[in-house]
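Subject: Model for you to look at

Dear colleague,

I am passing on the structure we spoke about. Please have it open while you read the notes below it.

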Amino acid sequence: MRARIHVAALMSAIATALRGAVAMASTQNVYVLSQDDGILSVIDTSTDEIAAKIAITGKPAAFTIDTASRRVFATLPDTGEIAVVDLDRRAVLSVLKVGGQPFGIASDKTGRLFVGDWSANRISIVDEKTGTIEATLSVGRAPAHLVATRDGSRVYVADRESNSVSVIDTKSLKILTEIPVGRAPFALALSTDEKQLAVANVQAATLSIVDTATLQVTSSAATRAMPYGVAITHDDSEILVSNQHGGTVSIFDVKTHASHAEIKVGRYPEGVAVLKNGRKAYVANWFSGSVSVLDLENKIEIKKIKCPEGPRMVLTGGADH
Amino acid sequence: MAVKLRSLLIIASILSCSGVASAHGPTPQKVDEKITIAAPPADVWKIVKDFGAIGSWHPLVTQAKVEGSGSDTTRTLTLKSGGTLVDSLDAIDDKAMEIDYRLQNQDFTALPVSSYSDAITVQPAAGGSEVEWISRLYRFDTGNEPPDDKNDEAAVKGSTDFIKAGLEGLKKKAEGK
């Protein structure tokens with residue numbers, strides 16, 4: 001009798017563990033950084049609910065995920081710091097002191113962070129373990145968001161006040177070129193094939209597409225007012241642009257660069273991220289303090305998730321986290 | 001257009017000479033104010049959507065001058081304090097009854113902010129309309145150690161006072177008082 005109960009309990013435990021393993025393998029998490037409340041929220045995309053809230057002291061503005069070390073690096077412009085978050089322990093491990101006004105950040109996948117200093121117009125190359133600044137590179141004025149290629153060989157920087165995108169070769173630490181785009185580029189997104197870079201120009205209200213082979217702008221479609229966030233679907237078919245004024249997300253066709261859908265979201269939307277399976281997108285509604293979940297097949301908003309105040313940036317994690 | 005470009009260049013050169021940090025950078029602040037007005041939404045919207053008419057209802061605005069047209073529309077507001085605010089129009093949405101615009105200049109005498117982007121919406125409400133005026137703004141000194149009169153609190157207070165006064169004035173105008 002007793003043995004049978006043990007077996008039953010064991011079976012049930014195994015079943016639970018298996019369900020957990022299956023869920024972990026298929027669920028992709030989305031991370032949302034709330035600047036005002038200083039919280040990195042983890043959204044479980046199988047339920048579209050916040051599974052964890054990781055407190056970061058200060059007002060974190062932007063972040064990057066290093067999939068190899070399973071760490072998040074979040075910039076704190078007001079205090080000149082970078083918070084290092086362990087995604088397994090879901091806690092801040094350490095704080096790197098880099099000085100200045102760190103804003104945009106990208107990892108080159110070899111343990112180095114490329115960090116924009118908003119008011120010093122430069123990129124610092126930072127050892128992600130020690131926080132040591134190994135080198136600095138001058139870029140255009142007010143470097144906003146940064147994006148790195150998957151192999152980390154190249155980093156693109158949106159130079160907001162110079163109306164350009166700086167292209168950094170991370171091996172030689174040289175600026176390959178500064179590409180003129182529209183007025184006030186802020187957010188960037190690379191296509192999965194990394195052949196195209198999408199640039200949202202806030203004041204020009206345009207979407208510049210850069211051919212990453214020629215490093216030339218190939219198209220500049222008009223957007224709604226104040227495009228503040230951009231993402232490309234994993235199959236490289238559509239580009240999502242969040243429009244801060246009007247509170248919508250416009251969806252552009254990658255081939256024609258024409259907008260074929262517009263979805264109402266929350267107020268002053270900013271960061272956008274798309275799941276790797278391509279079916280859903282997540283939008284940080286800065287003013288509303290919420291995240292909109294978009295169904296990309298039907299082009300509708302299916303949920304608004306209340307989140308900590310001041311959400312500005314969203315990123316999707318890898319399939320294993 | 002040529003004049004506008006020249007004035008923008010002048011503003012840009014003043015900014016770069018005086019060493020004022022570029023707008024943005026630190027944490028954006030928000031203001032969210034509402035008022036109920038005893039008038040039909042369509043009537044209130046008619047007043048709100050007229051970008052250059054703000055001088056006729058905002059008690060702190062003594063003059064409003066509109067230049068340009070379409071997506072190239074700006075207005076220059078002269079305030080009672082003597083300061084000026086230059087706004088560029090981003091969108092007028094008749095269906096949503098929402099007008100969006102943003103600040104183009106920086107004038108400490110007018111408001112202790114380095115930039116804002118505002119939206120005013122009109123909605124039906126019990127007894128008439130509800131008008132909501134929201135603002136996303138940055139403090140005047142966007143460096144990391146702003147003095148007290150140029151920090152986040154000062155920016156939010158200045159903007160809140162300006163917006164509240166505007167809503168009160170709009171209510172008076174719309175209710176015919």
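This is a predicted model: local features need pLDDT of at least 70, side-chain atom pairs count only at pLDDT 80 or more; totals for chains, interfaces and linings use all residues.

Sheet. Chain A has an open sheet of four strands, in the order β12-β13-β14-β15, and the pairing is antiparallel. At its edges lie β12 (143-148) and β15 (174-180) of chain A, each of which pairs on one side only. On average, neighbouring strands of this sheet are turned by 20° against each other, direction ignored. Within the sheet, β13 (residues 154-159) and β14 (residues 164-169) of chain A run antiparallel and are joined by six bridges. Across from Y156(A) stands V167(A), in β14(A).

Contact between the chains. Chain A contributes 20 residues to the contact and chain B contributes 16 residues. On the side of chain A that touches chain B, eight residues are nonpolar, six are polar and six are charged.

Cores. In soluble globular proteins, nonpolar side chains tend to be buried together. Here the largest nonpolar core has 93 residues, and A74(A) and V230(A) are the ones with the most contacts inside it. Which residues does A74(A) touch, leaving aside its neighbours within four places in sequence? They are L33(A), L40(A), I56(A), P60(A), F63(A), I82(A), A83(A) and V85(A). There is also a second, separate core, with 35 residues; L77(B), L137(B), Y138(B) and L167(B) are among them.

Regards

Technical notes:
Residues are numbered from 1 along each chain as its sequence is written. Chains are lettered from A and ligands numbered from 1 in the order in which they are written. Two strands pair if DSSP finds at least two bridges between them. Helices (H or I, at least four residues) and strands (E, at least two) are DSSP runs, numbered from the N terminus. Axes are lines fitted to C-alpha atoms, for helices over the stretch in contact, and angles run from 0 to 180 degrees between N-to-C directions. Two residues are in contact if their C-beta atoms, placed from the backbone, lie within 7 Å. Ala, Val, Leu, Ile, Met, Phe, Trp, Tyr, Cys and Pro count as nonpolar, Asp, Glu, Lys and Arg as charged, and the others, Gly among them, as polar. A nonpolar core is a set of buried Ala, Val, Leu, Ile, Met, Phe, Trp, Tyr and Cys residues joined through C-beta atoms within 7 Å. A residue is buried if 20 or more other C-beta atoms lie within 10 Å of its own, exposed if 12 or fewer, and partly exposed in between; C-beta atoms are placed from the backbone.
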